[in-house]
Amino acid sequence: GITARRQWTKFADGPLTVIGRYEQIVPKYGTILGVNVFTDRTGPTRQTGGQLRYAYMLMDDDNGRWLSVGLSGGFYQWSYHAEEAILRDAGDVVGLTSISSGSADFNAGVYYASYINDNTKLFYAGFSMLQAVSVRFNEEAIKKTPHFYGNVGCFFKNHTEDGDEYFIEQSAWILFVPNTPILTDLTCRFYTPGNFWIGFGQSFSISAAGDGKSLKGNNLLVETGFSTGETWAGKDL
């Protein structure tokens, strides 16, 4: 698959991210092998890298329950192009110096899914830790902070009057990084019988400043796409 994301479109140099990925399932050994390559551009900064991924199925029983663990690691090249920067202080020596540095990260995660209520619902939950271990190859490399992700959701299977199946998915996603606000997305997606899906949601940030806490709604989310290659009791989604 290939994914491209453009943000802050009203700005000429808004963030642009492009990701390419490939996965190979090896049923005999209950494993998945994968590779990601990406490039991310935000103004005068660039980040390019690649990542290898490995996952192993710990549980896959006849009752419709799955438990898997995954590991990944990759190399990343970060660069700052001073000639493209617009500095607040025109004489800023640091801002006038281009930088290029490399680092390696290692990540881990666990995922669980299970059918409930006679296969009319599919529950899932996952937890992952990105940049659990980060190695810098030179002093200029950015020191990366661990990121903790969690997600939980459920698919609800229904039928139209003609007997065609459609699905509704409700999910929550959360990100925690030390010393920053907690970010979360609440999303609802509708999967049509024709494999087309559309989703809506709201993102929030939760911060603790001083003696109190604040909850702020940030952005409305709109998603759309097609789903292929997955099955629900033998039926392609």
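Colleague: Which residue does R46 form a salt bridge with?

Modeller: R46 forms a salt bridge with E84, and the closest N and O atoms of the two are 2.9 Å apart. The pair links distant parts of the chain, since R46 sits in strand β4 while E84 is in the loop between β5 and β6, 38 residues apart. A salt bridge here is a side-chain nitrogen of Lys or Arg within 4 Å of a carboxyl oxygen of Asp or Glu. Strands (E, at least two residues) and helices (H or I, at least four) are DSSP runs, numbered from the N terminus.

Colleague: Before we go on, what sort of model is this?

Modeller: It is a predicted model, in which local features need pLDDT of at least 70 and side-chain atom pairs count only at pLDDT 80 or more, while totals for chains, interfaces and linings use all residues. Residues are numbered from 1 along each chain as its sequence is written, and side-chain values use heavy atoms, with hydrogens and water left out.

Colleague: Back to that pair: what do R46 and E84 count as, by accessibility?

Modeller: R46 is partly exposed, with a relative accessible area of 22%, and E84 also counts as partly exposed, at 38%. The classes are buried for under 20% relative accessible area, exposed for over 50%, and partly exposed in between (1.4 Å probe, protein chains only).

Colleague: How many salt bridges are there by this rule?

Modeller: The count comes to 5 salt bridges. One of them joins the side chains of K144 and D105, at 3.2 Å from N to O. This pair also links distant parts of the chain, with K144 in the loop between β7 and β8 and D105 in strand β6, 39 residues apart. K144 and D105 are both buried.

Colleague: And E223, which residue does E223 bridge to?

Modeller: E223 forms a salt bridge with R189, the closest N and O atoms lying 2.9 Å apart. E223 is in strand β12 (residues 212-226) and R189 is in strand β10 (residues 182-191), so the pair ties together parts that are 34 residues apart in sequence. E223 is partly exposed at 25%, whereas R189 counts as buried at 16% relative accessibility. A network of salt bridges links E169, R189 and E223.

Colleague: Changing topic, how many aromatic pairs does the structure hold?

Modeller: It holds 11 aromatic pairs. In one of them, the rings of W66 and Y115 have centres 5.3 Å apart and planes at 70 degrees, so the pair is edge-to-face. W66 belongs to strand β5 (residues 65-80) and Y115 to strand β6 (residues 99-116), so this pair ties together parts 49 residues apart in sequence. Rings of Phe, Tyr and Trp (its six-membered ring) pair if their centres lie within 6.5 Å, and planes under 30 degrees apart count as stacked, over 60 as edge-to-face and the rest as tilted.

Colleague: Buried or exposed, what about Y115?

Modeller: Y115 counts as buried, at 15% relative accessibility, while W66 counts as partly exposed, at 24%. Another pair is formed by Y149 and W173, whose ring centres are 5.9 Å apart with planes at 45 degrees, so the pair is tilted. Here again distant parts of the chain are linked, Y149 lying in strand β8 (residues 147-159) and W173 in strand β9 (residues 165-176), 24 residues apart.

Colleague: Which residues do ring pairs link into a cluster?

Modeller: Ring pairs link Y111, Y124, F155, Y191 and W197 into a cluster.

Colleague: And what makes up the largest nonpolar core?

Modeller: The largest nonpolar core has 8 residues, namely A113, Y115, L122, Y124, F155, F167, Y191 and W197. Strands β6 and β7 (121-136) each supply at least two residues of this core. The term means a set of buried Ala, Val, Leu, Ile, Met, Phe, Trp, Tyr and Cys residues joined through side-chain atoms within 4.5 Å. In soluble globular proteins, nonpolar side chains tend to be buried together.

Colleague: Last one, how many helices and strands does the protein chain have?

Modeller: The protein chain has 0 helices and 14 strands. Its C-alpha atoms fill a box of roughly 70 × 40 × 40 Å, taken along the principal axes, and of its 237 residues, 26% count as buried.
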